[in-house]
Amino acid sequence: MERVEYQQEQMLAELKDLEEKGLFSKSEISIILKRRTAFESALVRRIPKKADFLRYAAYEMNLEALRRRRVDRLQISDTKPSISDFALVRRQFHIFERALRKFKADVGLWVQYIELAKKEGARALVGRISARALLLHPSHPALYIHAAAHEVENGAPGAARTLLQRGLRLNQESVELWREYVSFEVGWVEGMRRRWGVLGVGEGNENLNEEVAGGSGGNLNETDMEDVGEEARKEIMRGAIVKAAIEQAVKALPTMALFRSLCELLKTYPTLLRDSLLSHLDDLLVKTLPTDPAALKLHATRHLPPPDDSGNSFDTVEFIEQLQAANEFLLGLARKHGGAVSNTYAEFVEEWCGVDLEPNLVRCLSTLTALSSTGGRVLAVHVRLLSRGGEVMRGAEMARKYTIKDAGRSNAGLWLARLEAEKLAGMEGVGKTWAEGRNMVSGETEEVLRVWMWGLGYAGDDGNLELLLRESIKMNARWVHRRLLHVYVRGDGPMKIRLARMLAAMNKYLVDGEFFRDAFDYERGREDASREVLEAVYNGWRGVAGEERSASKRWAAWLLEQGDGAGAVNVSRGMRVE
């Protein structure tokens, strides 16, 4: 307790000052002291918890916010600063310093400390914290990004560039860091464009040399400065630096994740170089990944806005021409290659299915997707487009035709499209179609599970679900059976219903260790978790071969959480005996 008393002594001056200024009453000061004592006592425990430090810091933040509001309300105009003006913020920093001595490996804690220092305007402290964090965690890109952003905000683009480049040398596989680096270079060029425009750079090179030298972090010598001229300015304005950064990124990390991220960045960044940079990125994409289906899709849609961008108009002539060109390009590849390219084409059409397109354009897309040679997924998209374009009955008829053919007989996506089309058309015998679909689909995908559960409706009737469970056993659909069981035991209801459902699952259906693990974790995570249900799961789980230790560990841990130490000890003893 000596450390707690020491911290209490450090508080006396600031608390006295707060009382003398009339910001807090004597009773409030007493409450503050009690709360701080409780927090300090929690921090000196044998095994400290990060949550205790964070709660203490949050309390001090709220206290400082209250102090500032009272200063504004009381209009205290004392120009002479006193200890209470900065003590609460200093205490917040001190709490984070103590926390980081205990939890150096927690990157999130470092980031929170940096954000707090930024919020309080402690610019020098932000730099010191960032440097310490990077020394301990050089493989975390987020720290480099925070540090570089701080340097940019404080007018040091050269230092920001150095930080990002250092981070990229150590984290070449970080898409996030490459994106941030390219974004920084684009922002720097646009900043130079505005500044050079204001300075009138163009007739002479004196200002140009000064600005380029400053932006490069002071790395240009006198010989370099002499070489910087009008042509250099033009090249910078044309995006030579940004293009070089993009080329470095592609050389270090030639993946679709990088290309998608850079494409998204360049499409949304407000720059005059957008078209030029997108064209350069597209050239690199074609050269680097010439046969990748996702790359082909990105190449085809490079001029299109994102489908979920509500700010764009989807009824202009330019957009329609671009969409038509992308559709025909991907369709031609799907006809020629099929397979993965067909799935990519179907993905492209499905994305644009969700957009409020002009009806004639929807019908155009539906006509172009009507190709049985391009695979089941494309055919499913064709059915949905027909229904959306107002041809509901035709969509249902085409779906029936597609699912009769060998190519679509076992395709779960096609059966889903058929079921939705027949339901939308109000056709009779949808239930029979559902049963036929369950019998035909195969595989272990979410679409297969959706076919099986399609007719349950939103209520999720247990009676129908039990019929499906029995049917999946007869059809030897073990994966589907396992997934249906997970749905079955996760139903809501009072404890007695959940217990009855759990006992029925264990006695009637095919259960294994994975089922019991999922059921136990689900019940344990509920706010109204029942000991009776968990004990039933435990008793069934321990009977599975090879799962007794896992079951006993989970059950003992839960008992310990509930304060039943004796019960947890008995379970642990049983494990050791066995």
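The legends below describe close-up views of a predicted model.

**Figure 1. Overview of the predicted helical protein.** The secondary structure consists of 31 helices and zero strands. The protein has 578 residues, of which 44% count as buried. Among contacts with a separation of 6 or more, 61% join residues 24 or more positions apart.

Figure 2. Helix 17 comprises residues 317-337. At 1.5 Å a residue, its 21 residues should span 30 Å, which agrees with the 30 Å between its end C-alpha atoms. Phe319, Leu323, Ala326, Asn327, Leu330, Leu331, Leu333 and Ala334 are the buried residues of this helix. They cover an arc of only 160° around the axis, and therefore lie on the same side of helix 17. An α-helix has 3.6 residues a turn, so residues three or four places apart point the same way. Exposed residues on the other side of helix 17 are Val317, Glu318, Glu321, Arg335 and Lys336. Just after the helix, Gly338 adopts a positive phi of about 65°.

**Figure 3. Ser342 in helix 18.** Ser342 belongs to helix 18, which covers residues 339-353. Its relative accessibility is 2%, so Ser342 counts as buried. Ser342 and Gly332 are ten residues apart along the chain, and their C-alpha atoms are separated by 9.8 Å.

Figure 4. The whole structure contains eleven aromatic pairs. One of them, formed by Phe96 and Tyr113, is stacked, with 5.5 Å centre to centre and 5° between the planes. This pair links distant parts of the chain, 17 residues apart: Phe96 is in helix 4 (residues 87-102) and Tyr113 in helix 5 (residues 107-119). Phe96 and Tyr113 are both buried. The pair of Phe520 and Trp541 is tilted, at 6.1 Å centre to centre and 50° between the planes. Because Phe520 lies in helix 28 (residues 513-525) and Trp541 in helix 29 (residues 531-541), the pair ties together parts that are 21 residues apart in sequence. Phe520 and Trp541 are also both buried.

**Figure 5. An aromatic cluster and two charges over rings.** Phe39, Tyr56 and Tyr59 together form one aromatic cluster. Elsewhere, the charged end of Arg161 sits over the ring of Trp188, 5.1 Å from the centre of that ring. The charged end of Arg438 likewise sits over a ring, that of Trp434, at 4.3 Å from its centre.

**Figure 6. Helix 9 and the glycine that follows.** Helix 9 comprises residues 175-199. With 25 residues at 1.5 Å each, helix 9 should span 36 Å, and its end C-alpha atoms are 36 Å apart, which agrees. Gly200 follows helix 9 and has a positive phi, near 75°.

Figure 7. Pro48 lies in the loop between helix 2 (26-43) and helix 3. Pro48 counts as buried because its relative accessibility is 16%, and the cut-off for buried is under 20%. Apart from neighbours within four places in sequence, Pro48 is in contact with Leu43, Phe53, Lys102 and Phe103. Pro48 and Lys102 are 54 residues apart along the chain, with their C-alpha atoms separated by 8.0 Å.

**Figure 8. Arg69 in helix 3.** Arg69 is placed in helix 3, which covers residues 50-74. Its relative accessibility is 52%, so Arg69 counts as exposed; the cut-off for exposed is over 50%. Arg69 and Leu23 are 46 residues apart in sequence, and 9.6 Å separates them in space, C-alpha to C-alpha.

**Figure 9. Asn476 in the loop between helices 25 and 26.** The loop that holds Asn476 runs between helix 25 (462-474) and helix 26 (478-489). Asn476 has a phi near 60°, a positive value in a residue other than glycine. Most residues other than glycine have a negative phi. With a relative accessible area of 59%, Asn476 is exposed.

Notes:
Residues are numbered from 1 along each chain as its sequence is written. This is a predicted model: local features need pLDDT of at least 70, side-chain atom pairs count only at pLDDT 80 or more; totals for chains, interfaces and linings use all residues. Side-chain values use heavy atoms; hydrogens and water are left out. Helices (H or I, at least four residues) and strands (E, at least two) are DSSP runs, numbered from the N terminus. Buried means under 20% relative accessible area, exposed over 50%, partly exposed in between (1.4 Å probe, protein chains only). Contact means heavy atoms within 4.5 Å. The expected span of a helix is 1.5 Å times one less than its number of residues. The arc is that of the directions from the helix axis to the C-beta atoms. Rings of Phe, Tyr and Trp (its six-membered ring) pair if their centres lie within 6.5 Å; planes under 30 degrees apart count as stacked, over 60 as edge-to-face and the rest as tilted. A charge sits over a ring if NZ of Lys or CZ of Arg is within 6 Å of the ring centre and within 35 degrees of the ring normal.
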